[in-house]
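Please look at the sequence and the structure first.

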Amino acid sequence: MASGEEDRTVEEKETNNKKRTKGAIATAWLTFYNIAMTAGWLVLAVVMVRYYLQKGTHKGLYKNIARTLKFSQTFALLEVGHCAIGIVRTSVIVTGVQVCSRIFMVWFITNSIRQIQNEESVILFVVVWTITEITRYSFYTFNLLNHLPYFIKWARYNMFIVMYPLGVIGELLTIHAALPYVRRSGMYSLRLPNKYNVSFDYYYFLIIVMLSYIPLFPQLYFHMLRQRRRVLHGEIVVEKDE
Ligand SMILES: CCCCCCCCCCCCC[C@@H](O)CC(=O)SCCNC(=O)CCNC(=O)[C@H](O)C(C)(C)COP(=O)(O)OP(=O)(O)OC[C@H]1O[C@@H](n2cnc3c(N)ncnc32)[C@H](O)[C@@H]1OP(=O)(O)O
């Protein structure tokens, strides 16, 4: 064998070894991450069911789940990182919009405005998120372990058809319920005159957020419909932002 060819073979072997090591580390991390996230959302589900069975009402439930909800949803920020460094084949933009809008709902709406925490709409989106995330993270976990039961795959790529719109309804109704409190309290707003000479009205910002669901939500929904066709029906789908 010529020495040039030998060099290339050694180089290829080294590259393959590096890829394998990175692959193994990434797979181990993702498996750990998905198990931890499934557990987090399962805890939330158990606490919710137990609370409802004991008290017979959803009132006061949010206080009991607030910490686990904030923890589980905030950790999902790591998913944007996973896409950015390329260890999962998902769009950073789609994941970013999905994760950031949820974090916004949790921290800057539900957690910040005590008066709306007992609204039915809060329970609606929390229940919908919980069911979705238990399914999604168990799907990823079993998939990584190469033991994916068909019903989990089926649930992952069918339930969103109903769950996504339900979640959006819950989120929009919650922001809508928050509007009067935000207007009255002037929270997170900056009025003129101030030393920065900048004004910001959180009330109008929330109206813009609600309106932004109109162009953004269909994109997330159609993304999932394309994923569904690809995974369940084996169709080759080309994403625009890939
Ligand atoms: C600051 C102000 C904010 C203003 C916001 C404005 C509003 C915007 C509107 C937003 C509306 C959002 C509403 C929403 O919150 C409501 C709900 O969620 S309700 C509940 C129902 N929801 C769903 O069903 C969620 C569906 N969405 C998702 O699943 C994801 O979020 C999404 C990013 C859309 C997922 O898509 P993805 O592209 O990741 O699809 P796949 O799951 O098929 O994965 C693709 C491949 O990547 C692998 N992967 C991904 N993640 C992992 C992981 N953690 N571990 C291992 N592998 C992973 C996956 O296996 C696939 O691999 P392969 O291609 O090899 O099969």
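Predicted model: local features only at pLDDT ≥ 70, side-chain atom pairs only at ≥ 80, totals over all residues.

Residues are numbered from 1 along each chain as its sequence is written.

Q: What makes α5 and α7 roughly antiparallel?
A: Their axes come within 8 Å and cross at roughly 150°. Axes are lines fitted to C-alpha atoms, for helices over the stretch in contact, and angles run from 0 to 180 degrees between N-to-C directions. Angles over 145 degrees count as roughly antiparallel and those under 35 as roughly parallel, and α5 and α7 are therefore roughly antiparallel to each other.

Q: Why is α4 called roughly parallel to α7?
A: The axes of α4 and α7 come within 11 Å and cross at roughly 20°. That angle makes α4 roughly parallel to α7.

Q: Which residues of α4 meet α7?
A: Met105, Ile109 and Thr110 in α4 meet Glu171, Thr174, Ile175 and Ala178 in α7. Two residues are in contact if their C-beta atoms, placed from the backbone, lie within 7 Å.

Q: What surrounds the ligand?
A: The ligand has 36 residues around it, and the closest are Thr90, Gln98, Ser101, Phe160 and Gly167. A residue is near a molecule if its C-beta atom, placed from the backbone, lies within 6 Å of it.

Q: Which helix gives the largest share of that shell?
A: The largest share, nine residues, comes from α8. Helices are DSSP runs (H or I, at least four residues), numbered from the N terminus.

Conventions: Helix = DSSP H or I, 4+ residues; strand = E, 2+ residues; numbered from the N terminus. Parallel < 35°, antiparallel > 145°, perpendicular 65-115°, else oblique.
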